[in-house]
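Take a look at the model first, and then we can walk through it together.

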Amino acid sequence: MPAPDACEPSYPGWMEVANYVVPLATAVGVVVQRNALVPPQWPLALALLAASPWLLERCGIELPMPVFSAIVIGAVIGLVWNPVNADIAPFFLIFLVLRMAVVGTRAQVIAVTLVSSTVAVGLELAGRYTGSFVWVLGFGLVGAAGFAFQVQFRLLDQERAAQADLAERTAADERQRIAREIHDVVAHSLAVTMLHLTGARLALRRDPKEAEAALLEAERLGRESLAEIRRTVGLLAPEGTGTAAPMPAATDIAQLVREFEAAGLDVDFELTGDPHALAPATGLGLYRVAQESLSNVVRHAPGTRTTMSLCVADEMVSLRVRNRFAGATRVASADGGLGVRGMHERVTLLGGELRAGPDGDSWCVDVELPRSIDPA
């Protein structure tokens with residue numbers, strides 16, 4: 001068989017071998033039937049001629065379909081013109097129809113099947129052969145079965161391509177998820193660290209001990225964030241130990257607020273309901289949105305008062321973060337950067353809605369998610 005291109009299905013190796021071995025074995029059988037091997041006689045040449053298109057193809061010489069078919073049909077006519085008992089020479093036509101059905105088009109299959117059937121019937125009408133009806137029936141069945149075989153292999157190749165594409169898209173989604181995790185971790189760490197560094201700078205001359213404490217806190221947060229980044233990136237490694245620390249949840253939002261407050265951010269946090277009942281995925285999404293929102297406040301409006309409320313109701317859970325604009329930060333806050341896009345993607349994947357944008361003189365982030373009960 002010719003090497004498959006982008007449009008041809010890929011066939012198993014045993015079919016490639018059978019494509020050359022079977023015609024050659026048939027040629028040997030035809031010669032033995034006619035006792036034409038020793039000494040060599042003309043049926044030997046015709047048998048080799050009938051098998052030659054397959055052998056040339058094996059050597060890398062591909063004949064055009066019409067030439068391929070003409071050689072085989074002509075050699076079979078020469079052999080069957082002087083038939084023997086239980087002659088197997090018409091099997092070359094069976095292989096020809098099968099080959100066209102496997103690698104050719106529907107029109108080529110029909111054409112070769114009709115020509116082969118015409119040859120068989122014509123030889124019987126000429127009185128040179130009997131039993132053409134069986135061969136005509138065989139040509140039709142082999143052609144239909146071979147073409148169905150080709151269709152199945154094409155569908156199999158399409159399924160494999162679709163699975164490969166799905167695997168690539170899954171890998172891309174996973175890379176985006178990990179990128180969001182790393183972005184959230186880095187943004188939070190840098191935001192809080194910058195608050196401590198700013199406090200240390202302001203207190204350096206006034207109170208060196210306070211400045212030292214702020215620097216130590218910044219160093220601690222930096223080390224913690226570095227460890228979390230390593231843990232997140234470690235999820236990409238094929239050899240997982242299964243000992244990674246649990247991901248943050250909605251119950252950790254209060255501690256997150258305290259960290260920002262300790263770094264100097266003025267946050268008024270209000271919690272309604274029990275966040276422990278939320279599913280881990282919902283809790284992680286809420287935590288990351290709160291983390292990104294507070295980090296944005298530090299970057300774009302440091303020193304402004306921020307209000308945050310988390311309400312866990314019977315069917316819905318909502319998170320609202322509001323802070324006033326600080327001077328020229330209105331435009332900077334509304335740039336729709338990676339952080340805002342990441343929050344939108346998280347909330348959308350959880351089946352909720354997120355609205356982030358200016359509201360009068362404030363920047364607002366409103367999240368509403370359907371409440372999912374943790375099966376544990």
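Arg-169 is partly exposed, with a relative accessible area of 46%. In this predicted model, the side chain of Arg-169 meets that of Asp-165 in a salt bridge, at 3.0 Å from N to O. Asp-165 is partly exposed as well, at 36% relative accessibility. Both residues belong to helix α6, which covers residues 132-203, and they sit four residues apart, about one turn of the helix.

The next pair spans a longer stretch of sequence. Asp-266 and Arg-305 join their side chains in a salt bridge of 3.0 Å, N to O. Asp-266 is in the loop between α8 (253-262) and β1 (267-272), while Arg-305 is in the loop between α9 (280-300) and β2 (306-312), so this pair ties together parts that are 39 residues apart in sequence. Asp-266 has a relative accessibility of 35% and counts as partly exposed. Arg-305 is also partly exposed, with a relative accessible area of 48%.

Asp-361 and Arg-324 form another salt bridge, here with an N to O distance of 2.1 Å. Asp-361 is found in the loop between β4 (353-359) and β5 (362-370), and Arg-324 is in strand β3 (residues 316-324), so the pair ties together parts that are 37 residues apart in sequence. At 39% relative accessibility, Asp-361 is partly exposed. Elsewhere, salt bridges that share partners link Asp-266, Asp-268 and Arg-305 into one network.

Here are the three pairs side by side:

| Salt bridge | N to O distance |
|---|---|
| Asp-266 and Arg-305 | 3.0 Å |
| Asp-361 and Arg-324 | 2.1 Å |

Now for the helices. How do α8 and α9 pack, and at what angle? Their axes are 10 Å apart and the angle is about 15°. Since angles under 35 degrees count as roughly parallel, α8 is roughly parallel to α9. The crossing in which α8 passes α9 is right-handed.

Which residues make the contact? From α8 come Ile-253, Leu-256, Val-257 and Phe-260, and from α9 come Leu-286, Tyr-287, Ala-290, Gln-291, Leu-294, Ser-295 and Val-298. Sorted by class, the contact of α8 with α9 has nine nonpolar residues, two polar ones and no charged ones.

A few words on the chain as a whole. Its secondary structure comes to eleven helices and five strands. Of its 376 residues, 40% are buried. If you take the contacts between residues at least 6 apart in sequence, 69% of them join residues at least 24 apart.

One last stop is helix α2, which covers residues 42-58 and includes Ala-45. Is Ala-45 buried or partly exposed? With a relative accessible area of 49%, Ala-45 is partly exposed; the cut-off for exposed is over 50%. The C-alpha atoms of Ala-45 and Ala-27 are separated by 9.7 Å, and the two residues are 18 residues apart along the chain.

Definitions and conventions: Residues numbered from 1 in each chain as written. Predicted model: local features only at pLDDT ≥ 70, side-chain atom pairs only at ≥ 80, totals over all residues. Heavy atoms only, no water. Salt bridge = Lys/Arg side-chain N within 4 Å of Asp/Glu carboxyl O. Helix = DSSP H or I, 4+ residues; strand = E, 2+ residues; numbered from the N terminus. Buried < 20%, exposed > 50% of the residue type's maximum accessible area, 1.4 Å probe, protein only. Axes fitted to C-alpha atoms, helices over the stretch in contact; angles between N-to-C directions. Parallel < 35°, antiparallel > 145°, perpendicular 65-115°, else oblique. Left-handed = near helix turned anticlockwise from the far one by under 90°. Contact = heavy atoms within 4.5 Å. Nonpolar A, V, L, I, M, F, W, Y, C, P; charged D, E, K, R; others polar.
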